[in-house]
Protein chains: 2
Amino acid sequence: MQTKQVEKPKAVVLLSGGVDSATAAAIAKSEGYELYAISFSYGQRHSKELECARRVGEALGVARHVIMAFDLRTWGGSALTEDLEIPLDRDKSDMQADVPITYVPARNTIFLSFALGYAEVIGAETIVIGANQIDFSGYPDCREEYLKAFERMANLATKAAKVDGRRFRIHAPLLHLTKAEIIKRGMEHGVDYSLTWSCYQGGETPCGRCDSCILRAEGFREAGIPDPLEG
Amino acid sequence: MQTKQVEKPKAVVLLSGGVDSATAAAIAKSEGYELYAISFSYGQRHSKELECARRVGEALGVARHVIMAFDLRTWGGSALTEDLEIPLDRDKSDMQADVPITYVPARNTIFLSFALGYAEVIGAETIVIGANQIDFSGYPDCREEYLKAFERMANLATKAAKVDGRRFRIHAPLLHLTKAEIIKRGMEHGVDYSLTWSCYQGGETPCGRCDSCILRAEGFREAGIPDPLEG
């Protein structure tokens, strides 16, 4: 009996080292994609998240993991890329009422643009992003209408689309999930959250007080699962 | 009599060191914008064009000129970012029939994304690009429908648009001009084309045979103006 080798479709996955991108990548893997990871060293406050991204990628068995480096401190404009205070102890309604100063101007657009170039070169049509518009910090570039507009632009931007008729898809499997649902889905797919890092600050242990720590803690609590980074 | 200081609106201008971006920037300056230039060191074949971009910016009196560096040789996929042969001696109809291997995957999308972040931080609403869809190499990301789709996406991507109601505009004043018309417009605005560089190869003098050299030569010839780089 002959077995036929079917090549898996490739997907470029954005890995930040956090809970959401690890979960989105695990879901894409379960859907049958071969994963090509990309992470960004963009002048963020600490490199801990990049080390976590690398370990998450390794655990997922990605085919390749590239780190694209550039420096958004060139113009700053965010508490993550210049020396501004990270807001602490806010509740979720505060987070979503405004766009906090941890917002990095055009960050997801820059990240997705690189992912698009990478996808075009390796022959991937799918770009996986852990964007979520339920339990998030009010960032404009995590919303569905934004991602749809990016996808539409991407399909006019490339040779792959113009000449070869390839269609790019921005795949955001977490978009409408709560943080607790995300964590439950990740557990089903075997994500090891001890490898992830959410805290905006680069301390030895998570600060527990920034938006990202607060959303993470609420998610684990609501999911009824202990956070492996705690305790 | 009191004179009122009116602050000029800011524009981010993409400067490549070539004819088109220098001309687009000069037009934007004549329209009353204060220019903030951005150029990219992306792993291209030679750095000559960056030195030219710097000199063009200086001649235009830009308020600031940033060079954003990253390395697209990480994944290659273009004759400008890996060791592939540059096509030579093609005529214009050949160029437009296909997308040549000098196309860099998602390059304008990456460039415009950085420009968007920069614009958001400095309070600019206008991003100036020398894209042209008449005398060009068939690149998908120089077409009007692409630029419109980018603009639409940009207006969903940012805090400036979401919270402050700012509207970003991709301003491509050369989009429907021939190369000869571009050069004539540039001359009217005092562009010094001896500062520019078009050749894809980084030799002492332009090769005269790559698409970019051929389009430039035809433009100057049709405009009836001698190219200051010649002779």
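Predicted model: local features only at pLDDT ≥ 70, side-chain atom pairs only at ≥ 80, totals over all residues.
Two strands are counted as paired if DSSP finds at least two bridges between them.

View 1. Strand β1 of chain B covers residues 10–14, and strand β2 of chain B covers residues 34–41. The two run parallel and are joined by 5 bridges. Across this pairing, B:V13 stands opposite B:A37 in β2(B), while B:K10 has B:E34 of β2(B) opposite it. Is β1(B) enclosed by the rest of the structure or left open? Of its 5 residues, 4 are buried, so β1(B) is largely enclosed by the rest of the structure.

View 2. Strands of a sheet pair through backbone hydrogen bonds, in either a parallel or an antiparallel manner.

**View 3. The overall fold of chain A.** The secondary structure of chain A consists of 8 helices and 5 strands. Along the sequence these elements follow the pattern β-α-β-α-β-α-α-β-α-α-β-α-α. The C-alpha trace of chain A spans about 55 × 45 × 30 Å along its principal axes. How does the radius of gyration of chain A stand against that of a compact globule? For 231 residues such a globule would have a radius of gyration near 17 Å, and the 17 Å of chain A agrees with it. Buried residues account for 52% of the 231 residues in chain A. Among the contacts in chain A with a separation of 6 or more, 72% link residues 24 or more positions apart.

View 4. An open sheet of 5 strands is seen here, in the order β3-β2-β1-β4-β5 (chain A) and with parallel pairing. Its edge strands are β3 (64–69) and β5 (169–171) of chain A, which pair on one side only. The twist from one strand to the next averages 25°. Helix α1 of chain A, residues 19–30, lies across β1, β2, β4 (126–128) and β5 of chain A. This helix runs at about 170° to β1(A).

**View 5. Strands β1 and β2 of chain A in close-up.** Strand β1 (residues 10–14) of chain A pairs with strand β2 (residues 34–41) of chain A in the parallel sense, over 5 bridges. In β2(A), A:Y36 is the bridge partner of A:V12, and A:A37 is the bridge partner of A:V13. As for burial, 6 of the 8 residues of β2(A) are buried, so the strand is largely enclosed by the rest of the structure.

**View 6. The two α4 helices where chains A and B meet.** Helix α4 (residues 107–122) of chain A and helix α4 (residues 107–122) of chain B have axes that come within 9 Å and cross at roughly 175°. An angle over 145 degrees counts as roughly antiparallel; α4(A) and α4(B) are therefore roughly antiparallel to each other. From α4(A), the residues A:T109, A:I110, A:S113, A:F114, A:L116 and A:G117 meet B:T109, B:I110, B:S113, B:F114, B:L116 and B:G117 of α4(B). By class, this contact has 6 nonpolar, 6 polar and no charged residues.

**View 7. The side of chain B that touches chain A.** Chain B contributes 39 residues to the contact, and chain A contributes 39 residues. Which elements of chain B give two or more residues to its side? They are β3, α4, α5 (144–157) and α6 (159–162) of chain B. The most comes from α4(B), with 10 residues. Divided by class, the residues on this side of chain B are 25 nonpolar, 7 polar and 7 charged.

Note on methods: Residues numbered from 1 in each chain as written. Chains lettered and ligands numbered in written order. Axes fitted to C-alpha atoms, helices over the stretch in contact; angles between N-to-C directions. Parallel < 35°, antiparallel > 145°, perpendicular 65-115°, else oblique. Contact = placed C-beta atoms within 7 Å. Nonpolar A, V, L, I, M, F, W, Y, C, P; charged D, E, K, R; others polar. Rg over C-alpha atoms; globule rule 2.2 N^0.38 Å. Buried ≥ 20, exposed ≤ 12 C-beta atoms within 10 Å, placed from the backbone.
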